[in-house]
Amino acid sequence: MGVELLDGIGWTAISLFASPILWLAILVSFVLSMRRVKRERNLFRSRTRSKRTDVFETLVPGLVVGLVLSIVSLSLRLTISTEFLLGLMGLTGLILLTGVIRFNLPLWPLVILAGIGWFVTDDRVKGLKDVGATDLLLLAALSLAAELILLAWRGKKKLSPSLVLSKRGRYIGGLSANKLWLIPFVVLVPGSSLEAWIPQWSFPEFVPIVLFLPIGFSFLFTGQLPEQLIRPLVQGRLITFLLAVLLTAGAFLTGQNEWLYGLPVLLVVHLILHQRTKRWNRSQTPLFLNGKRGVVILGTLPEKPASEMGLVPGEAIYKVNGEFVESEKTFYEAIQKHKPYLRLEVMNHNGDVRFAQRAFYEQDHHDLGILFVSEPGNTRSKIRTLQ
């Protein structure tokens, strides 16, 4: 028993570091971080954070959630075949290579593999049929649980300021979430299934293997603050997760494979609920739009005067030392008139006003660390229109 346990742990460690999905996800995360930094520099002549923070965001939160859910999967003895494991890795890798974050939803490859195993009669896909409806639906439920937890925990953090154009050609600010989380699930693979592919090795009856599932979240917050819009997004994931739990319970209690027909339903419900929140966000009056509230703050840079003054995205600087400002240009003109002291009237999106003040030094002029809704710093930047 002890030898088998150590053998299983060894194969788990090998599958952890030998998985191509792990290294591919790190590469994709780094490329996406380079794109983010380039976009921020083009729009605001500065970056909000370093590239390595995106790689950290991809790996660490997903590892924490994956460890917890792996305990659940092992307790419920979630078992898949080698063919299913390879098929899932292949489809996941292809989706990662597209570089489109929102496509990274585990339900897509799960629906495809379930459809192949259900409708294709070729003996070459026999291994896909070896995965029961309960195990397949349980894997879908766990992936939805991971997405739900990560969205509630990390969905409104580490956002990137961005600009879009209104239909009237005005610049609108937004906070962009373009996150890729990598979830390591530990699943059981029958040793006989592995020996069919690697006959020169002997395996225990069941081998715990790390299965990496990338989960993407892409959203542009324009109509409300992220703290407000995250709630309906989380509620939508919760509905989908509870539906997945019901389908899994039904498959377990009845032993009928027909419950797999609920898998594409999960995907459709997930997409509909996400799009509903997305449409509602776009239907709202843009929050990050200069106007009667003054010049809107889109972001602040860490360890800069703006951050020390407690300025946060979504607020608007209404007056500078009593003088109304409505654009980045008028803001900087006003602070030049009123050196060496800076007194800001700051208005939130509810119309409440507070004061922020500090001494203003000559070197602060270009180093306040405020990102405003304004024309892009690089006029060649491609700005998409908000539909």
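Mentor: The model is predicted, so local features need pLDDT of at least 70 and side-chain atom pairs 80 or more, while totals for chains, interfaces and linings use all residues. Residues are numbered from 1 along each chain as its sequence is written, and side-chain values use heavy atoms, without hydrogens and water.

Trainee: Why are α9 and α10 called roughly antiparallel?

Mentor: Helix α9 (residues 226-254) and helix α10 (residues 262-283) pack at about 170°, axes 10 Å apart. Angles over 145 degrees count as roughly antiparallel. Therefore α9 is roughly antiparallel to α10.

Trainee: What makes residues of α9 and α10 a contact?

Mentor: Contact means heavy atoms within 4.5 Å. Among them, Leu229, Pro232 and Leu233 in α9 meet residues of α10 including Val265 and Leu266. The contact divides into 12 nonpolar, seven polar and one charged residue.

Trainee: How do you know that arginine 154 and glutamate 57 form a salt bridge?

Mentor: The rule asks for a side-chain nitrogen of Lys or Arg within 4 Å of a carboxyl oxygen of Asp or Glu. Here N to O is 2.7 Å, so the pair is a salt bridge. Arginine 154 lies in helix α7 and glutamate 57 in helix α3, 97 residues apart. By this rule the count is seven salt bridges.

Trainee: Which helices each supply at least two residues of the nonpolar patch?

Mentor: These are α3 (52-75) and α7 (133-154). α3 gives the most, with three residues.

Technical notes
Helix = DSSP H or I, 4+ residues; strand = E, 2+ residues; numbered from the N terminus. Axes fitted to C-alpha atoms, helices over the stretch in contact; angles between N-to-C directions. Parallel < 35°, antiparallel > 145°, perpendicular 65-115°, else oblique. Nonpolar A, V, L, I, M, F, W, Y, C, P; charged D, E, K, R; others polar.
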